[in-house]
Amino acid sequence: MKLNVKNQLYVQKNFNWKKIFPKFFATFLMLLVISQFLHAKSSAIQSVFYQLPSIHTVRLTPSDSWKQQYIYDLDTNSNLDILLSFDELFADSRQLYFSLYHCDVNWLRDDMLSIEYWDGFEKQYDCSEYSLSFNTTVEYVHYSVRIPINRFKTSGNFVVNVYSIEDDELLLSRPIIIAEHGLGIASNVKKTNLDGTQELSLALSSTSSLSPEYLTENFVVGAWQNTDLSSFRTFTSPTAIRANGLSYTSPLVFSAGSEWRWADSRSLRGHVMSNTHVTMTDGYYNAYIPLTQLPLGYSYHEDFNGLQYIHSYDSPNTNYDITADYSIVNINFLFPQGLIGDYSKLYVVGDFVDAPFPTERTAISPEVQYIVSDGERLPVFKFTYFVKQSLANYRIVEVDDNGNINMENTESNFSETENDYHICAYYRDQSTGYYRLLAYKRHNTLKTPNAFIP
C-alpha cells in the first residue's frame with residue numbers, strides 16, 4: 001500500500017520539518033490565508049497547474065528536447081510525443097493513466113466530447129514508465145507519460161490530468177496548447193524608455209479572403225510573457241480590417257522585468273566551483289544561493305526565461321532523470337531600503353519551483369533575519385524549497401491586494417530586458433461552437449526581427 005507522503009518524511013526518512021523549515025508550524029495558518037487570497041484572485045489557467053505536495057520537477061517537453069513548452073504544432077510536431085515527466089518524493093511506484101479535456105480561450109472546460117478531439121479512449125492506460133532514483137540522498141520515483149501529438153483531432157486549449165490507476169487519485173494537471181497553420185502573424189515589440197515596459201502589436205494575414213464579420217466576431221487574439229500563461233492578455237479589437245487580415249496596433253503593454261536570476265545546484269559534493277554554498281544537515285544537502293537584492297541597474301546576461309535544465313556533476317551516470325539529487329535550496333532576499341512592505345506578499349516564480357506564477361507553495365517563508373547596511377537594520381526574507389540538481393532561473397515578485405504581480409521592488413523593470421512573447425489567434429468555429437487555434441508565434445525581443453505593422 002502506498003504510504004502517506006507526510007508519514008514518509010517523518011518515519012522512513014526521519015525528516016525533521018522543524019529543523020529544516022524553521023517556524024513552519026507557526027506560520028501554517030498564515031500560508032492558508034495566503035492560499036485563499038491567491039485562489040480568489042487567480043485566473044482559470046492557474047487552476048490547471050495542479051500537483052500533489054509530493055510531486056516535484058514537473059516538465060512538459062517535446063520528446064527530443066529538454067525545454068519546457070506548452071504549445072505544439074499539429075502539423076510540424078505530428079511525429080513527436082509530448083513528454084510529461086515528474087518525480088514523486090518518498091513514495092512507492094504507481095501505475096498511471098491520463099485523460100484530456102478541451103477548454104475555451106479562458107481555460108474553462110467546454111462540453112466537447114473526447115471523441116471529437118482525441119483519437120483514442122478517454123482514459124489512456126499503458127502510457128507511462130517509471131524508474132527509481134539511484135544513489136541519491138532523497139529517494140524518488142521518476143515518471144514519464146507520453147502523449148502522441150498525432151492523436152489530437154483538433155487544435156485549441158487542453159488540460160491533461162494524470163491519475164493513479166490504483167485509487168483514481170489525481171496526481172497533477174497541466175495545460176497543453178495545440179496549434180494550426182491557418183494564419184500568418186507579423187509582430188512588433190516596442191521597448192519603451194520611461195517606465196520599464198514593452199509594448200506588443202501584431203497583424204494577422206491569410207492567403208484567402210475573409211470577411212470583416214467573420215474576423216471580428218469569431219477571433220480572440222492574445223499573448224503572454226515567457227512561461228507565465230496567467231499573464232495572458234487579449235487585444236480588444238483590431239485597429240484595421242482588411243480583406244485578408246487584421247492589424248492590432250493599439251499595443252498590449254507588459255512589465256519588462258529584468259534578466260532572470262540563476263540558481264545553480266549542479267554540484268552538491270564540491271566537484272566544481274559554483275556560486276552556491278552547500279552544507280549537509282540531517283542527511284540532506286542544503287544549497288545557499290548568494291543574497292538576492294534589487295538590481296542597481298540593467299545588466300544583460302543570457303538566461304532561460306524561467307526554465308530549468310536538469311543536470312548533475314556529481315554522478316558518472318548521465319541519466320540525470322534518476323541520478324540528479326534533491327537539495328533544500330535556500331534563497332534570501334534583502335528588501336531595499338525605504339521599500340519595506342508586507343513580506344507575506346513575496347513569492348518565488350520559475351520552473352525550478354514548478355510555478356511560473358505565484359502560488360501558495362512558492363510563498364517566501366516569513367522567517368526574517370536582519371543585517372545592518374549604512375547604519376540601518378534591514379530585513380532579509382528566507383525561502384526554502386526542494387529542488388532537483390539543475391541550472392535554473394527564478395524571480396522574486398510581489399502580489400498586491402488586487403492580485404496583480406509587481407516586480408518593481410524586487411526585480412525592477414527595464415525596457416531592454418530580453419523576453420519571449422507567445423502570440424495566439426483563436427477562432428470560434430461556427431460549425432462546432434468551439435475554439436480552435438489557427439495561428440501561433442513566439443516573438444523574442446532580441447532574436448525575432450520586428451515586422452512593420454500596417
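A polar contact is a pair of N or O atoms within 3.5 Å, where, within protein, one atom must be able to donate a hydrogen and the other to accept it. The model discussed here is predicted.

Q: Which residue has its backbone oxygen 2.8 Å from a polar atom of the Gln389 side chain?
A: Gln389 sits in the loop between β24 and β25 (390-399), and beyond its sequence neighbours up to four places away it touches residues including Ser265, Arg266, Ser267 and Leu268. Among these contacts, the one whose backbone oxygen lies 2.8 Å from a polar atom of the Gln389 side chain is Arg266.

Q: Is Gln389 buried or exposed?
A: Other residues that Gln389 touches are Tyr309, Ile310, His311 and Ser312, among them also Asp314 and Thr323. The relative accessible area of Gln389 is 2%, and the cut-off for burial is under 20%, so Gln389 counts as buried.

Q: What is the bridge partner of Val329 in β24?
A: Strand β21 (residues 326-334) runs antiparallel to β24, and 9 bridges join the two. Within β24, the residue that partners Val329 is Tyr385.

Q: How many of the 9 residues of strand β4 are buried?
A: Strand β4 spans residues 81-89 and pairs in the antiparallel sense with strand β2 (residues 55-62) over 6 bridges, with Thr61 standing opposite Leu83. It also pairs in the antiparallel sense with another strand, β7 (residues 140-148), over 9 bridges. Strand β4 is largely enclosed by the rest of the structure, because the number of its residues that are buried is 8.

Q: Which residue in β7 is the bridge partner of Glu88?
A: The antiparallel pairing of β4 with strand β7 (residues 140-148) runs over 9 bridges. In β7, the partner of Glu88 is Val141.

Q: Which residue in β15 stands opposite Ala240?
A: Strand β14 and strand β15 (residues 245-255) run antiparallel and are joined by 3 bridges. Opposite Ala240, the residue in β15 is Ser247.

Q: How far apart in space are Gly270 and Tyr313, C-alpha to C-alpha?
A: Gly270 is found in the loop between β16 (261-264) and β17 (277-281), and is exposed, with a relative accessible area of 64%. Gly270 and Tyr313 are 43 residues apart in sequence, whereas their C-alpha separation in space is 9.2 Å.

Q: How many disulfides does the structure hold?
A: Cys103 is buried, with a relative accessible area of 1%, and Cys127 also counts as buried, at 11% relative accessibility. A disulfide would require a pair of cysteine sulfur atoms within 2.5 Å, and the number found in the structure is 0.

Q: What percentage of the 454 residues of the protein count as buried?
A: The protein has 7 helices and 28 strands, and it exposes about 20300 Å², of which carbon and sulfur atoms supply 50%. Among contacts between residues at least 6 apart in sequence, 73% join residues at least 24 apart. Of the 454 residues, the share that count as buried is 55%.

Conventions. Residues are numbered from 1 along each chain as its sequence is written. This is a predicted model: local features need pLDDT of at least 70, side-chain atom pairs count only at pLDDT 80 or more; totals for chains, interfaces and linings use all residues. Side-chain values use heavy atoms; hydrogens and water are left out. Two strands pair if DSSP finds at least two bridges between them. Helices (H or I, at least four residues) and strands (E, at least two) are DSSP runs, numbered from the N terminus. Buried means under 20% relative accessible area, exposed over 50%, partly exposed in between (1.4 Å probe, protein chains only). Contact means heavy atoms within 4.5 Å. Accessible areas come from the Shrake-Rupley method with a 1.4 Å probe; for residues, only the protein chains shown count as cover.
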